[in-house]
Amino acid sequence: MTDDQVYLAVTVARLYYEQGLTTDAIAGELGLSRPKVSRLLSHARRSGLVEIRIHDPEGQAQGLEARLRVRYPFLHPQVVSVAAGSGEELWLERTATAAASLLSNLLQPGYRVGLAWGNTISAVSHALTPRAMPDVTFVQLNGSANAADFMSGFVTDTILRFARNFAGRGVLFPVPTFFDDPETKQAMWRERSVKMVLDLQDHADILMYSVGSHTAHTPSYVYSAGYLSPGDLNILSSEGAVGDIATVFFRADGTHQGLSLNARASGPELALMQRVQESVCVVSGLGKVAALHAALEGQLMRRLIVDEVTAQAVLDLGEPAD
């Protein structure tokens, strides 16, 4: 759609949803045919210009959102309903669709979006609805250079899929996920080309990421694709790490200082997730409950999009024992 058509779709949507006009009344007021009005309304819904949410006072999802807001006053949660008895693959699909819709609603011209790659954010990239947005940049938050990704292209494809969807620019971060030596990382961080990426990350308007866990039904990509050795995993376990965001690890209380592997990690300081106004964490699956609970305890997000089964398990985990 052209900019004029998008503006017209927004105008029609406002008249229909905010002022309660019928399609016939809108057609008469704007000099359009009724089928044209219907097509514009359909486009507004499909493209994310309009987001429809059903607030059922008896609804499970809304009740869980309310409980999450009480437990975590800093949080703006969105709990996604899933069918009873459905599997984690469906939970992820529904959660990714909700995250894609939210991103489209939050995005503004000129925005910079930091993306932490992984299975969940890849699913979000596949759920996006094409929508051109002027001068937007999608920047990779943590490095992905290892033999596995050079062969698969998983990370590169994810970042560029976001950029193409919004007709924006994709900025990759071609450094190792984990450096062998912290001093090598510090030397690399002084390079101008790397500093440019770090500056984009640091000035992001939106961050979108998940929490990593090696116990998830579908293990987080960093665990399943050979980025960590058995020795690395043993160290993380001995130091009390329960999860990661952008391959930066944290403990059950949400703290991350002093974990040895973080000195070699390419992801940003987790204080960035606390500082950026629109830091969006997308989580689905019972294997991620402990990691999500820890991230919430550390206030490592501003927004959370989560399926209702996982949300219930996180709330149960935080309940005091009898």
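Modeller: Gln299 sits in the loop that runs between helix H14 (289-297) and strand E9 (303-307). The model is a predicted one. Gln299 is not a glycine, yet its phi is positive, at about 55°. Its relative accessible area is 41%, so Gln299 is classed as partly exposed, the range between 20% and 50%.

The loop in question for Asp135 is the one between H6 and E3. With a relative accessibility of 63%, Asp135 is over the 50% cut-off and therefore counts as exposed.

The relative accessible area of Ser144 is 7%, which is under 20%, so Ser144 is buried. The side chain of Ser144 makes a polar contact of 3.2 Å with the side chain of Gln140.

Helix H6 (residues 119-127) also packs against another helix. Two packed helices are described by the angle between their axes and the distance between the axes. For H6 and helix H8 (residues 154-165), the axes come within 9 Å and the crossing angle is roughly 40°. That angle makes H6 oblique to H8, because roughly parallel would require an angle under 35 degrees. The handedness of the H6 and H8 crossing is left-handed. On the H6 side, the contact is made by Asn119, Ile121, Ser122, Val124, Ser125 and His126. Phe154, Thr158, Arg161 and Phe162 supply the H8 side. Sorted by class, the residues in the contact of H6 with H8 are 4 nonpolar, 5 polar and 1 charged.

Finally, a residue in a helix: Leu15 belongs to helix H1 (residues 3-18). Its relative accessibility is 6%, so Leu15 counts as buried. Apart from neighbours within four places in sequence, Leu15 is in contact with Gly20, Leu21, Ile26, Glu29 and Leu30.

Taken by exposure, Asp135 is exposed, Gln299 is partly exposed, and Ser144 is buried, as is Leu15.

Note on methods. Residues numbered from 1 in each chain as written. Predicted model: local features only at pLDDT ≥ 70, side-chain atom pairs only at ≥ 80, totals over all residues. Heavy atoms only, no water. Axes fitted to C-alpha atoms, helices over the stretch in contact; angles between N-to-C directions. Helix = DSSP H or I, 4+ residues; strand = E, 2+ residues; numbered from the N terminus. Parallel < 35°, antiparallel > 145°, perpendicular 65-115°, else oblique. Left-handed = near helix turned anticlockwise from the far one by under 90°. Contact = heavy atoms within 4.5 Å. Nonpolar A, V, L, I, M, F, W, Y, C, P; charged D, E, K, R; others polar. Buried < 20%, exposed > 50% of the residue type's maximum accessible area, 1.4 Å probe, protein only. Polar contact = N/O pair within 3.5 Å; in protein donor to acceptor, adjacent residues only side chain to side chain.
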